[in-house]
Amino acid sequence: MSATASTRLPVAVPPRAGGRAWAALVVLMLPTLLVSVDNTVLSFALPSISEALKPSATGMLWIVDVYPLVLAGLLVAMGSLGDRIGRRRLLLIGATGFAAVSALAAFAPSAELLIGARALLGVFGAMLMPSTLSLLRSVFLDREQRRLAIAIWAAGFAAGSALGPIVGGVLLEHFWWGSVFLLAVPVLIPLLVLAPLLVRESRDPEPGPVDAPGIVLSLLTMAPIVYGIKTLAVDGFSLVAVVAILVGIASGALFVRRQLRRPIPMLDMRLFTRPAFSGAVVVNLLSVVSLVGFLFFVSQHLQLVIRLTPLQSGLVLLPGLLTMIVAGLVVVPIARRIRPGVVIAGGLTLSAAGYLLVALTGGGAPWSVLLASFVLLGAGIGAAETVSNELVISTAPAAKAGAASAVSETAYELGAVLGTATLGTLITASYRAALVVPTGLTSAQADAAGETLGGAVTVANGLPAPLAEQLLTSARAAFDSGVGVTAVIGVGLVAAAAVVALVTLRRVRS
């Protein structure tokens with residue numbers, strides 16, 4: 001044996017996790033479950049909120065969008081803060097605040113106060129998501145175990161989406177719309193009790209100084225860009241929208257420049273030079289845009305056009321959400337043998353087929369077609385999200401797991417905003433253009449019916465039967481007039497995500 005071989009150090013093998021780690025995973029899935037339940041439940045509660053609080057079309061979109069907008073703007077800052085003060089500590093602070101504000105949101109007497117409560121939920125929600133994913137990096141050191149843990153974590157997210165329509169449907173049939181927000185309380189109490197017992201604290205040993213200007217720049221990047229996109233989608237071209245987008249782009253450029261010059265950056269921008277990292281983030285963004293956009297118009301179509309109850313609508317979407325869970329777990333052994341880019345692109349091809357089915361059948365699609373479409377969409381996104389999330393945290397340094405996880409979650413939440421701001425507002429614009437208001441309505445009734453489909457349903461409830469039926473027929477046809485175009489855009493988004501995966505991940509091995 002040569003001297004070199006005899007003195008070669010053995011390769012360190014990461015220790016495999018035991019029973020406590022898997023119990024910790026169950027606890028860490030609770031906030032993930034909560035956030036996904038909250039997103040899905042809100043979609044199904046929109047008709048009830050529209051009837052009770054009577055928000056404008058813009059107000060309705062802000063009820064949906066303000067939470068992910070605030071959350072997306074703060075995720076990077078909160079991920080960095082978790083690296084500094086401790087990811088478990090930040091998780092517990094976020095859980096306490098989220099539960100308290102959820103109780104306040106449940107009793108909001110106006111659309112404006114509900115929007116304010118949703119904004120506060122975004123602040124505390126930003127503390128939850130990066131902490132859960134980054135703690136998995138410190139709990140599961142073995143990559144095969146970590147990939148399975150992330151698949152289970154992602155399945156928990158999908159399970160929350162599946163549970164949301166069922167539980168939310170039951171609540172909305174027996175209680176007022178605010179009851180859906182109270183779901184946070186029983187979910188987060190076990191987290192507050194068990195996390196200190198099962199989850200070890202984790203932090204960056206050398207976090208560097210607090211970057212207050214960087215935090216401000218990250219907020220000034222996300223918020224104006226999303227606001228500008230929303231304004232363009234709802235009101236068309238305007239100077240305010242263009243200026244907002246330019247402010248966001250300029251702030252983003254300053255943020256990147258500042259992070260590159262700092263010896264210990266809040267977010268290491270050099271991570272984006274790694275194809276596995278940047279490609280996985282873009283896949284997350286585009287796939288979530290398509291998923292949230294689909295849920296936005298389908299949930300309203302099922303309840304307000306086909307006239308299913310919230311519970312029945314949830315049951316229609318349940319097979320697709322369960323398929324998302326199964327796909328996330330099944331893809332784990334497949335990802336060991338096949339390159340990630342191929343796995344993600346193959347899954348997203350199924351998702352594109354789901355949108356294509358809606359595009360071919362148009363707005364008059366029966367519930368059975370929407371069920372099949374969502375099964376295809378869920379299968380592809382479930383597989384893609386598991387693989388892409390694992391790539392994000394495995395390619396980043398362990399000490400910066402919080403900030404890296406925050407980038408993945410930022411892509412998710414920005415995708416949620418863009419899903420409603422683009423696909424959702426496209427449906428709204430098409431509805432306004434196609435609606436024919438029957439004669440016999442007052443000016444106020446005509447304006448309310450012309451804002452949203454939910455507004456038309458509310459107005460129809462106070463009209464004589466023949467006039468109400470005439471208005472509802474026109475409103476439902478107007479709403480469905482934009483479904484076909486929206487579905488075609490959805491096909492393009494999913495196809496673009498598949499191409500990004502094939503190009504950026506072509507050299508990443510299984």
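Which residues does Ser351 touch, not counting residues up to four places away in sequence? Ser351 touches Leu376, Leu377, Gly380, Ile381 and Val494, where contact means heavy atoms within 4.5 Å. The model is predicted, with local features needing pLDDT of at least 70 and side-chain atom pairs counting only at pLDDT 80 or more, while totals for chains, interfaces and linings use all residues. Residues are numbered from 1 along each chain as its sequence is written, and side-chain values use heavy atoms, with hydrogens and water left out.

**Overall make-up**
- The protein has 18 helices and zero strands, these being DSSP runs numbered from the N terminus (H or I and at least four residues for helices, E and at least two for strands).
- Of the 510 residues in the protein, 59% are buried, where buried means under 20% relative accessible area, exposed over 50% and partly exposed in between, with a 1.4 Å probe and protein chains only.
- Among contacts between residues at least 6 apart in sequence, 83% join residues at least 24 apart.

**Helices α10 and α18**
- Helix α10 (residues 275-305) and helix α18 (residues 483-504) pack at an angle of about 165°, and their axes are 9 Å apart; axes are lines fitted to C-alpha atoms, for helices over the stretch in contact, and angles run from 0 to 180 degrees between N-to-C directions.
- The two helices, α10 and α18, are therefore roughly antiparallel to each other, a term for angles over 145 degrees.
- Residues of α10 including Gly279, Val283, Leu286 and Phe297 meet residues of α18, among them Leu493, Val494, Ala497 and Val500.
- The residues of this contact of α10 with α18 divide into 14 nonpolar, four polar and no charged; Ala, Val, Leu, Ile, Met, Phe, Trp, Tyr, Cys and Pro count as nonpolar, Asp, Glu, Lys and Arg as charged, and the others, Gly among them, as polar.

- Ser351 lies in helix α12 (residues 340-361), and Ser351 is buried, with a relative accessible area of 0%.
- Leu348, leaving aside its neighbours within four places in sequence, is in contact with residues that include Val283, Gly380, Ile381 and Val494.

**Loop residues with positive phi**
- Lys54, found in the loop between α2 (19-53) and α3 (57-85), has a positive phi of about 50° although it is not a glycine, and Lys54 counts as exposed at 58% relative accessibility.
- Arg307, in the loop between α10 and α11 (310-335), has a positive phi of about 70° and is likewise not a glycine.
- Most residues other than glycine have a negative phi.

Notes: Parallel < 35°, antiparallel > 145°, perpendicular 65-115°, else oblique.
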